[in-house]
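Trainee: I would like to learn how to read a model like this one. Where do we begin?

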Amino acid sequence: MSDAMVTARMSAEKKEAGNRVLEQLGTNASQAVNRLYDYVLEKKELPFPEQQERRKYTQEEIARAIAWVDSIPRKDRFSTMTDDEIRRERLASRGLATRGDFS
C-alpha cells in the first residue's frame, strides 16, 4: 500500500493536458511517477535522452574553454576592469550598492 506523496508544481494547463494523454495511454499521473521512480532507482539515471547524451568535460577542456573566453578582447567600458570590478559596477548601476561600498 502506498503511504507517501510526491508533489510537483506545473501549470494547470500542463497538468490537464498531461492527464488527458496519460489516460489515452491507459495510465495516470500516479502510475507514471511510480514508474519513473522505479526506473531511477534501478538504473541510477534519468530516462530522458538529453540527460544521457550529455558528455562530461575534462578539467583540461574546461580550462581551454575558459582561456579562450578570457582571450576575447573586450571593446567596451569594462575592457580594463576585472570581473569583480564589473560585478560591482553593475550592482551600483542598479542601485543595489554605491560605488563607495566596495572600497
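Mentor: Start with the open space. The largest pocket holds about 670 Å³ of space. Keep in mind that this is a predicted model.

Trainee: How is empty space found in general?

Mentor: Rolling a probe the size of a water molecule over the atoms shows where empty space is left.

Trainee: How many residues line the largest pocket, and which lie nearest its centre?

Mentor: The lining has 19 residues. Nearest the centre are Val6, Thr7, Ala29, Ser30 and Val33. Two elements, α1 (12–24) and α2, each give two or more residues to this lining. The largest share comes from α2, with six residues.

Trainee: What is the make-up of that lining by class?

Mentor: Ten residues are nonpolar, six are polar and three are charged.

Trainee: Now the fold. How many helices and how many strands does the protein chain have?

Mentor: There are five helices and zero strands. Along the sequence the pattern reads α-α-α-α-α.

Trainee: What share of the residues is buried?

Mentor: Of the 103 residues in the protein chain, 6% count as buried. Then look at contacts between residues at least 6 apart in sequence. In that set, 3% join residues at least 24 apart.

Trainee: What should I know about an α-helix before reading one?

Mentor: An α-helix has 3.6 residues a turn, so residues three or four places apart point the same way. Next, check the length. α2 has 15 residues, which at 1.5 Å a residue should span 21 Å.

Trainee: What does α1 reach from its first C-alpha to its last?

Mentor: α1 has 13 residues and reaches 18 Å, close to the 18 Å expected. After α1 comes glycine 26, with a positive phi near 80°.

Trainee: What happens at the start of α2?

Mentor: Look at asparagine 28. One of its side-chain oxygens comes within 3.0 Å of the backbone nitrogen of serine 30.

Trainee: Which residues does alanine 32 contact, leaving aside its neighbours within four places in sequence?

Mentor: They are Leu22 and Thr27. Leucine 22 is ten residues from alanine 32 along the chain, and their C-alpha atoms are separated by 8.1 Å.

Trainee: Is lysine 44 buried or exposed?

Mentor: Its relative accessible area is 68%. The cut-off for exposed is over 50%, so lysine 44 is exposed.

Methods. Residues numbered from 1 in each chain as written. Predicted model: local features only at pLDDT ≥ 70, side-chain atom pairs only at ≥ 80, totals over all residues. Heavy atoms only, no water. Contact = heavy atoms within 4.5 Å. Helix = DSSP H or I, 4+ residues; strand = E, 2+ residues; numbered from the N terminus. Expected span 1.5 Å × (residues − 1). Polar contact = N/O pair within 3.5 Å; in protein donor to acceptor, adjacent residues only side chain to side chain. 1 Å grid on protein atoms, 1.4 Å probe; cavity = no way out; pocket = protein on both sides within 12 Å on 5 of 7 lines; lining within 4 Å. Points joined across faces, edges and corners; volume = space filled by probe spheres on them. Nonpolar A, V, L, I, M, F, W, Y, C, P; charged D, E, K, R; others polar. Buried < 20%, exposed > 50% of the residue type's maximum accessible area, 1.4 Å probe, protein only.
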